[in-house]
Amino acid sequence: MRWTQSLIPTMKESPEGAEIPSHVLMLRAGLIGQVMAGAYTYLPLGLRALRKAEQIVRDEMDRAGAVELLMSALTPIALWERTGRVEAFGNVLINFKVKRQNRQVHMALGPTHEEVITDLVAHHINSYRQLPITLYQIQTKFRNEERPRFGVLRTSEFLMKDAYSFDTSVEGLNASYDKMYQAYCNIFQRCGLAYLPVEAESGPIGGDASHEFMVLSDNGEDRVVHCAACSYAANLERADIGQRIAMKAVTQPEPLTKVDTPNAGSIEQVSKLLKLPPERFIKTLIYVADGNPIAVLLRGDHEANEGKIRRVAKVTKLELAPAEVVQQVTGAPVGFAGPLNLKAPIWADHDVQAIANAVIGANEADKHYTGANMPRDFQVQSYADLRNAGEGDPCPRCAGKLALRHAIEVGHVFKLGTKYSDALDARFLDDKEQQHAAIMGCYGIGINRIVAALIETSHDANGIIWPMSLAPYEVILTPLNVNQEAVMQATNALYEQLQKAGVEVLLDDRDQRPGVKFKDADLIGIPLRVVIGERGLKAGQLEIKWRTEAEPAMIALDGAAEAIATMVREKR
Ligand code: ATP
Ligand code: MG
C-alpha cells in the first residue's frame, strides 16, 4: 500500500477526551475515528490490525475443533423473555419496535448469543450422536454500556468471538472447556499479549467453572489478585483470602463513649474529625437480602464483597438498603449505622474481631461511639470472609502474599450448565432414548479489546510497538526524498519484490521531510523500517531499523528484498 493512496490521518497532538495511552495512540496513529460516544470507525490501519486479531482467533478456534457460523444481530425479543434476560440485561439490552404492515415487531440487538444459538440447537440437534459440538461466530455485539470509555476498550458496539459448547455430560463439558482454555492461551500468546488467566465467579456448575483472561494494566477497569509464590490468580469478586493475622490488640479497653460527629457520615470524614485511622472503624452496611434487611460489619478501610455476602447469607438477591430501610433498621439516617441495638441479623468479616476500641455509628444522626469492644458492647451472629482481598493479604493457597492489580478482561470462558438448554428446550435423546438438556459452556473474546490491550501494554513515548502478528503492515519503506528518481526507482523495485515475497509493505511516498516520516513511522509502530536515501544507494546500502531498537543497521542493496523477507518471516 502506498501511503498517499490510503487514509492514514496521523495526528501530532493528543486528541481531547482521550485519557489512556491506547485511546490516544489509536486516534493519533489514525487507526480509529470516533462516530459518537461508544462507537468508532476503523480506518484502514486499524481495520488491518483488527482483522489480524480476528484471523488468529478464527485459526485457533478452528484448530480446537470449533465450527464457525454467523448469527443475526437482530433477534426477536421473545427469545430473551424465555430466559428472563430482558430484565437481567435491563438498560444494556438495545431493543426497539418496528412497524411491519399492521403490526409492531419487538426486537433486540444481540449483546451476546446464548439464546439464539440454543434455540438453533433445539431445532437441529436431538440425539447424543450429534454431540458434542462447539459452534462459534465472530460478529458485532451491541450493549448500551452505562459508561462507554477508554476508546475501543468499552464501546456500545464491538466485535466479539463467541463460542458455545454442547455436551451430553459434565465430563464432556469439562473436556470442551479445557480445549477452549488452551485455545485462548494460544490466541493471546500469538497476539503478543502478556495474559493471565484468573479464576472468576463460577455460576451454576460450581467448582473451577469460569476463568477470565486478563492483561495486567494500570488503566484496566477490572481488578485481580495474584500470588507470585504459587501463581494463584483470581478476579476481585472471586478471590479468597488466606488465614488472617490478628491485629495488635489494644491493652486497655476504653469505655464506650458517644461523640458528636456533625454532618460527618463517611468513614473519611469521621476519621479526619476524630483523628483516628480508618482501620479503627467498624463500618456497618445495611443490605436487603432476598427481601429481608441484614447488617454487614467490615473494618473501615475494607471493601464489601457482595458475592461472598450472598453466599454466606445464602441469598440470591442482595442490594444496599434504600434510605427508608436504613432508617427502619437503625433508627437513623444513612451514614450513622452501628451494630448496637440493630433490628437486623449481623454478619461480620473476620477482621472486625481484631479491632479493639473501635469507632462505630451510634444509630443516631450526627453521632458515633468510640471505645466499642466485642463482645462487651455488641454481638454478631457469625464471622466470615465478607470482603474483597487487598494488597498484602495472605494467599489462600500458600504462605505467600497477594498482590492487587488492575487488568483488562480480554476473554472469558464459562461453564453454563443447562440454564439455557432448559429454558429453550435444547434436549437430546441418549442411547437409552432418555431425554436430557444439553450441557453448555460459553466462551467470549473481545477482538477490539485485543488490539487496544496490546497497544495499552506495548508502546513508548513515540508510539505503538506492534508484534509482527498484529501489525497493520510488517515493513514500512521510507524514501528520504520522493523527488529523486534514483531513490524512487530503488524504492519501487524493493516495494514490488517485497510484495512478491509475501511481505506486507507500506510505502511512505508522501512528499514530506524525513523527520515527519520517521515520527509517523514510530507512531504507527510498523515493526521494520527501511530507509532509502541517495547517499546509501551510492554506497550500495539501505538502512533498516526495528521499531524496538534504538539504532539502525545497514544492509546491502543487492539481495535486500530476500534479506528483509527472511527477517520478517523469522519474527512472524
Ligand atoms: P465487562 O465486565 O468488561 O463489561 P463482560 O464480562 O460483560 O465484560 P462478556 O460478556 O464476558 O463481557 O464478553 C466477552 C468479552 O467481550 C469480554 O471478555 C471482553 O473482552 C469483550 N467485551 C465485553 N464488553 C465489551 C465492550 N463493551 N466493549 C468491548 N469489548 C467488550
Ligand atoms: Mg466477562
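# Report on a predicted protein model

Lys 314 is found in the loop between α8 (306–313) and β16 (318–320). Helices (H or I, at least four residues) and strands (E, at least two residues) are DSSP runs, numbered from the N terminus. The model is predicted, so local features need pLDDT of at least 70 and side-chain atom pairs count only at pLDDT 80 or more, whereas totals for chains, interfaces and linings use all residues. Residues are numbered from 1 along each chain as its sequence is written, chains are lettered from A and ligands numbered from 1 in the order in which they are written, and side-chain values use heavy atoms, without hydrogens and water.

## Overall form

The protein contains 15 helices and 31 strands. Its C-alpha trace spans about 90 × 70 × 55 Å along the principal axes. Of the 572 residues, 53% are buried. Buried means under 20% relative accessible area, exposed means over 50%, and partly exposed lies in between (1.4 Å probe, protein chains only). Among contacts with a sequence separation of 6 or more, 69% are made by residues 24 or more positions apart; a contact means heavy atoms within 4.5 Å.

## Backbone angles

Most residues other than glycine have a negative phi, and most peptide bonds are trans. The table gives some exceptions.

| Site | Backbone angle |
|---|---|
| Leu 131 to Pro 132 | cis, omega near 0° |
| Met 374 to Pro 375 | cis, omega near -5° |
| Asn 263 | positive phi, about 60° |
| Lys 314 | positive phi, near 55° |

Pro 132 is placed in the loop between α5 (114–124) and β7 (133–142), and Pro 375 in the loop between β19 (367–372) and β20. Asn 263 also belongs to a loop, the one between β13 (257–260) and α7 (267–274). Asn 263 is exposed, at 68% relative accessible area, and Lys 314 is exposed at 72%.

## Helix α2

Helix α2 has 20 residues and should span 28 Å at 1.5 Å a residue; the distance between its end C-alpha atoms is 28 Å, which agrees. The expected span is 1.5 Å times one less than the number of residues. Buried residues of α2 include Leu 45, Ala 49, Lys 52, Ile 56 and Met 61. Just after the helix, Gly 65 takes a positive phi of about 90°.

Ala 49, a residue of α2, has a relative accessible area of 0% and is therefore buried. Beyond its neighbours within four places in sequence, Ala 49 is in contact with Val 451, Trp 466, Leu 470 and Pro 472. Ala 49 and Ile 447 are 398 residues apart in sequence, and their C-alpha atoms are 10.0 Å apart.

## Salt bridges

A salt bridge is a side-chain nitrogen of Lys or Arg within 4 Å of a carboxyl oxygen of Asp or Glu. The count comes to 40 salt bridges. One of them joins Lys 52 and Glu 504, with a distance of 2.5 Å from N to O. This pair links distant parts of the chain, 452 residues apart: Lys 52 lies in helix α2 (residues 44–63), and Glu 504 in the loop between α12 (485–500) and β28 (505–507). Lys 52 is buried at 15% relative accessibility, while Glu 504 is partly exposed at 25%.

Another salt bridge is formed by Asp 349 and Arg 387, whose closest N and O atoms are 3.7 Å apart. Asp 349 lies in strand β17 (residues 346–349) and Arg 387 in the loop between β20 (382–384) and β21 (402–417), so the pair ties together parts 38 residues apart in sequence. Both Asp 349 and Arg 387 are buried. They belong to a network of salt bridges that also includes Arg 244, Lys 308, Asp 351, Asp 385 and Asp 393.

## A buried charge without a salt bridge

Which side chain of opposite charge is nearest to Asp 430? Asp 430 is buried and has no salt bridge; the nearest such side chain is that of Lys 432, 5.9 Å away. Here Lys and Arg count as positive and Asp and Glu as negative, while His and the chain ends are not counted. Asp 430 is found in the loop between β22 (427–429) and β23 (435–437). Its side chain reaches the backbone nitrogen of Lys 432 at 2.8 Å. Beyond its neighbours within four places in sequence, Asp 430 is in contact with Tyr 128 and His 436.

## Metal site

The magnesium ion (ligand 2) is coordinated by Glu 409 (OE) and His 412 (ND1) at 2.4 to 2.5 Å. Donors are N, O and S atoms within 2.8 Å of the metal (3.2 Å for Na, K and Ca); water is not among the atoms, so sites may look incomplete. Glu 409 is buried at 19% relative accessibility, whereas His 412 is partly exposed at 24%.

Note on methods: A polar contact is a pair of N or O atoms within 3.5 Å; within protein, one must be able to donate a hydrogen and the other to accept it, and residues adjacent in sequence count only if both atoms are side-chain atoms.
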